[in-house]
Amino acid sequence: MFSDFDRLAMQRALELAARGLATTDPNPRVGCVIAHGERIVGEGWHRRAGEPHAEVLALQAAAAQAAEATVYVTLEPCSHHGRTPPCTEALVGARVARVVYATEDPNPQVNGRGAELLRSAGVAVEAGLLESEALELNCGFVKRMQQGLPWVRLKLAMSLDGRTALASGASRWISGEAAREDVQQWRARSSAILTGIGTVLADDPQLDVRVPGAAAGHGARQPLRVLLDRRLRTPPAARLLGTGGEVLIFTELAALADAARGAALGARGARIESLPAEGERLALGAVLERLGELEVNELLVEAGPILSGELVRQSLVDELLLYVAPKLLGDKARPLLELAEPAGLSAARAFTLLDTHTLGDDLRLRLRPRVKPTRA
């Protein structure tokens with residue numbers, strides 16, 4: 001049974017972990033609190049891959065007071081040698097009495113081994129405190145470790161009548177400044193941002209993070225930008241290129257025969273890889289598998305109605321970020337998604353509303369696909 005202080009300490013650890021939302025990739029976001037009784041003696045949070053883990057920083061802050069203390073950490077302490085030594089060794093060496101963690105580490109190299117090593121060294125271990133909050137904080141890391149795929153978050157903006165642009169294609173700006181600033185925060189926490197060639201040719205977006213500290217070496221990093229371009233039509237002058245950060249273009253093998261075009265894009269800093277196609281588009285399952293291999297935890301999709309609709313149709317979307325502007329664009333304006341009409345209302349794709357947030361005049365809805373109950 002966990003005490004009220006246990007819960008307060010773990011909540012504080014989660015708050016610390018969230019400081020790494022935009023910086024820890026591809027590692028999980030982890031926070032740690034060390035306490036003697038109800039007195040906190042050390043805190044730490046993981047900042048960047050390759051730098052000390054949360055437990056090590058908290059132990060450094062606590063110093064000798066770590067002995068016989070309780071350690072609250074949002075993820076099971078690691079038990080393997082990676083870029084840094086195992087946290088289990090540091091905890092045992094500091095002679096802590098008890099470790100409480102929110103959730104098991106889904107990394108196959110850990111996944112229960114950390115707790116086992118601590119128990120074998122005489123440390124009391126308890127798990128499951130505020131587990132759902134900890135899993136939510138690292139939804140992408142957990143999915144990649146368990147399925148080899150990134151968490152796919154689809155961002156869409158629409159008018160009240162479900163339109164994204166005028167019939168002419170004009171779409172700047174449906175949403176207001178506050179909504180656009182909010183999108184920047186979601187970009188900053190993402191491992192990668194994905195779009196399609198249609199969006200690049202129509203809107204020429206940069207898809208970079210423009211928040212304080214996003215410059216190289218200062219706080220938030222620039223996410224990998226991913227472009228699906230089956231026929232390699234990306235203009236070398238596209239704003240996506242040459243603005244800092246890595247750009248990966250997925251194309252069909254046949255398109256690589258155009259060596260001159262590939263060289264021009266490479267000269268602008270793009271990396272080009274080929275993937276199999278399915279009909280008129282690249283195989284989206286293969287795209288996500290490759291991004292999982294590249295250690296992409298959270299993938300933010302900012303694309304047009306065709307690619308967005310196909311991701312929904314194939315049930316590849318884990319979460320929707322839907323920005324609704326108080327405007328009406330009319331029945332000739334462009335739709336939110338290109339998606340076939342369901343056979344009936346009971347067959348319509350349904351979503352669960354997680355939360356709503358007002359941003360200036362706009363409303364942001366966060367939704368996840370509703371899991372249909374299985375029949376016994």
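Modeller: Two strands are said to pair if DSSP finds at least two bridges between them, and the strands themselves (E, at least two residues), like the helices (H or I, at least four residues), are DSSP runs numbered from the N terminus. This is a predicted model, in which local features need pLDDT of at least 70 and side-chain atom pairs count only at pLDDT 80 or more, while totals for chains, interfaces and linings use all residues. Residues are numbered from 1 along each chain as its sequence is written, and side-chain values use heavy atoms, with hydrogens and water left out.

Biologist: How do you know that strand 3 and strand 4 pair, and in which sense do they run?

Modeller: Strand 3 (residues 70-73) is joined to strand 4 by 4 bridges, and the rule asks for at least two, so the two strands count as paired. They run parallel, with Thr 70 bridged to Arg 98 of strand 4 and Tyr 72 standing opposite Val 100. Strand 3 also pairs with strand 1, in the antiparallel sense, over 4 bridges, and there Ala 35 has Thr 70 as its bridge partner.

Biologist: And what joins strand 4 to strand 5?

Modeller: Strand 4 and strand 5 (residues 124-127) run parallel and are joined by 4 bridges, one of them linking Tyr 101 to Ala 127. Between these two strands the chain passes through helix 4 (residues 113-120), and this β-α-β crossover is right-handed, which means that, with the strands pointing away from the viewer, the path from the first strand over the helix to the second runs clockwise.

Biologist: What makes you say that both faces of strand 4 are covered?

Modeller: Arg 98 and Val 100 on one side, and Val 99 and Tyr 101 on the other, are all buried, a word that stands for under 20% relative accessible area with a 1.4 Å probe and protein chains only, whereas exposed is over 50% and partly exposed lies in between. In a regular strand the side chains alternate between the two faces of the sheet.

Biologist: Is Thr 24 buried or exposed, and how do you know?

Modeller: Thr 24 has 1% relative accessibility, which lies under the 20% limit, so it counts as buried. It sits in the loop between helix 1 (4-17) and strand 1 (31-36). Not counting residues up to four places away in sequence, Thr 24 touches Arg 29, His 46, Arg 47, Arg 48 and Ala 49, where touching, or contact, means heavy atoms within 4.5 Å.

Biologist: Where is Ser 190 placed?

Modeller: Ser 190 lies in the loop between helix 7 (177-189) and strand 8 (192-196), and at 1% relative accessibility it is buried too. Leaving aside neighbours within four places in sequence, Ser 190 is in contact with Arg 221, Pro 223, Glu 298 and Leu 300.

Biologist: How many disulfides does a search of the whole structure find?

Modeller: It finds 0, a disulfide being a pair of cysteine sulfur atoms within 2.5 Å. The closest cysteine sulfur to that of Cys 87 belongs to Cys 78 and is 3.7 Å away, so the pair is too far apart for a bond. Cys 87 is buried, because its relative accessibility is 0%, and Cys 139, at 6%, is buried as well.

Biologist: Which are the edge strands of the open sheet?

Modeller: The open sheet has 9 strands in the order 11-10-9-8-14-6-15-18-17, with mixed pairing. Strand 11 (270-274) and strand 17 (351-359) are its edges, because each pairs on one side only. From one strand to the next the twist averages 20°, an angle taken on a 0 to 180 degrees scale between N-to-C directions of lines fitted to C-alpha atoms, for helices over the stretch in contact. Helix 6 (residues 139-147) packs on this sheet, touching strand 6 (151-158) and strand 14 (298-301), and its direction makes about 135° with that of strand 6.
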